[in-house]
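Here's a quick briefing to read alongside the sequence and the 3D view. Take a look at both, then work through the points.

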Amino acid sequence: MKRLRWLEAELPFSIRTFGNKLKGCPFRSDLSDGFLIDRVRDTYIEARYIEKLAFAEAVTDPFGEESVYERVDYRQTAFTLTTDYPHLELTDAPRGLQSFTARLSELGNFSLTVSPIEVNVLRWAESLSELFPDRFVVAAVQASGLIVDENVTARVILTGTVDVRHSLNRFTRGKQSELDRLQVRFALGREDARVLLLSDGGARVEADTEQEIPSALRRSLASIRS
């Protein structure tokens with residue numbers, strides 16, 4: 001499974017200029033963080049942000065003697081920064097992004113802003129279906145904020161072997177609800193691909209051949225920008 005997420009970013013200068021700034025902060029074994037650059041072009045940067053994390057771990061032996069060991073871990077954030085919306089693409093990113101976004105902002109002279117995006121996953125799925133129409137179905141959807149009664153709301157999950165969009169319309173009966181996530185299934189060559197779309201601009205891809213799906217997700221996301 002590949003985990004993707006998109007964020008909106010506004011650069012105060014060109015991609016090439018920012019790429020040079022990243023190259024000026026390379027990761028080394030004696031540093032706590034830095035960047036490894038894969039490539040820099042006029043319209044995009046592919047790179048990784050590396051954090052070195054040191055932990056003190058205490059181990060007690062059967063005789064009650066305690067030993068303290070230092071354990072080192074490395075957290076990587078692989079990203080692509082482009083001139084086109086949604087600008088910042090993360091691949092298999094860790095949960096915490098504060099250090100990463102703060103470092104980008106610092107290198108952007110604190111004029112670079114990174115913002116989360118909010119996505120209508122139903123519109124995203126409909127746009128994606130235009131790129132992968134063969135056997136395309138919405139296989140599952142999670143909706144929250146469904147008004148059941150006064151001061152009462154519900155969260156529902158609908159799944160099926162057929163497209164669940166019609167059932168969702170019947171179930172909600174036009175009542176207000178928010179779609180948190182939605183799973184689609186479509187043909188990709190001879191195999192079926194499964195993609196989970198998230199309302200925060202994230203996606204999880206399950207497919208034998210994943211190469212063309214991230215670019216399709218990015219294009220379909222850009223096409224529904226409000």
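Is Arg28 buried, partly exposed or exposed? Arg28 counts as partly exposed, because its relative accessibility is 42%, and exposed would need over 50%. Keep in mind that you're looking at a predicted model.

**Salt bridges**

- A search through the whole structure turns up twelve salt bridges.
- Arg28 makes one of them with Asp30, and the closest N and O atoms are 3.2 Å apart. Asp30 itself is exposed, with a relative accessible area of 55%.
- Asp33 pairs up with Arg103, with 3.0 Å between the closest N and O atoms. This pair ties together distant parts of the chain: Asp33 sits in strand 2 (residues 33-40) and Arg103 in helix 2, 70 residues apart.
- Both partners are tucked away: Asp33 counts as buried at 17% relative accessibility, and Arg103 counts as buried at 16%. The cut-off for buried is under 20%.
- Asp33 and Arg103 also belong to a salt-bridge network that includes Glu106.
- Arg135 forms a salt bridge with Asp192, where the closest N and O atoms are 2.7 Å apart. Here too, distant parts of the chain are linked: Arg135 lies in the loop between helix 3 (121-131) and strand 7 (137-149), while Asp192 is in strand 10 (residues 191-198), 57 residues away.
- Arg135 counts as partly exposed at 45% relative accessibility, and Asp192 counts as partly exposed at 33%.

**Strand 5 and its partners**

- Strand 5 (residues 88-91) runs antiparallel to strand 1 (residues 2-10), and four bridges join the two. Within this pairing, look for Leu7, which stands opposite Leu88.
- Strand 5 also runs antiparallel to strand 4 (residues 66-82), again with four bridges. Here Phe79 stands opposite Leu90.
- Strand 4 and strand 5 make a hairpin with five residues between them. In that turn, His87 has a positive phi of about 75 degrees.

- Pro86 is in the loop between strand 4 and strand 5. Pro86 is buried, with a relative accessible area of 1%.
- The C-alpha atoms of Pro86 and Val162 are 31 Å apart, and the two residues are 76 residues apart along the chain.
- Arg95 sits in the loop between strand 5 and helix 2 (98-107). At 86% relative accessibility, Arg95 counts as exposed.
- Arg95 is part of a positive surface patch, together with Arg3, Arg155, Arg181 and Arg204.

Conventions:
Residues numbered from 1 in each chain as written. Predicted model: local features only at pLDDT ≥ 70, side-chain atom pairs only at ≥ 80, totals over all residues. Heavy atoms only, no water. Pairing = 2+ DSSP bridges. Patch = residues over 30% accessible without salt bridge, like charges linked within 9 Å, V, L, I, M, F, W, Y side chains within 5 Å. Areas by Shrake-Rupley, 256 points an atom, 1.4 Å probe, with all protein chains shown as cover. Salt bridge = Lys/Arg side-chain N within 4 Å of Asp/Glu carboxyl O. Lys, Arg positive; Asp, Glu negative; His and termini not counted. Charge placed at Lys NZ, Arg CZ, Asp CG, Glu CD. Buried < 20%, exposed > 50% of the residue type's maximum accessible area, 1.4 Å probe, protein only.
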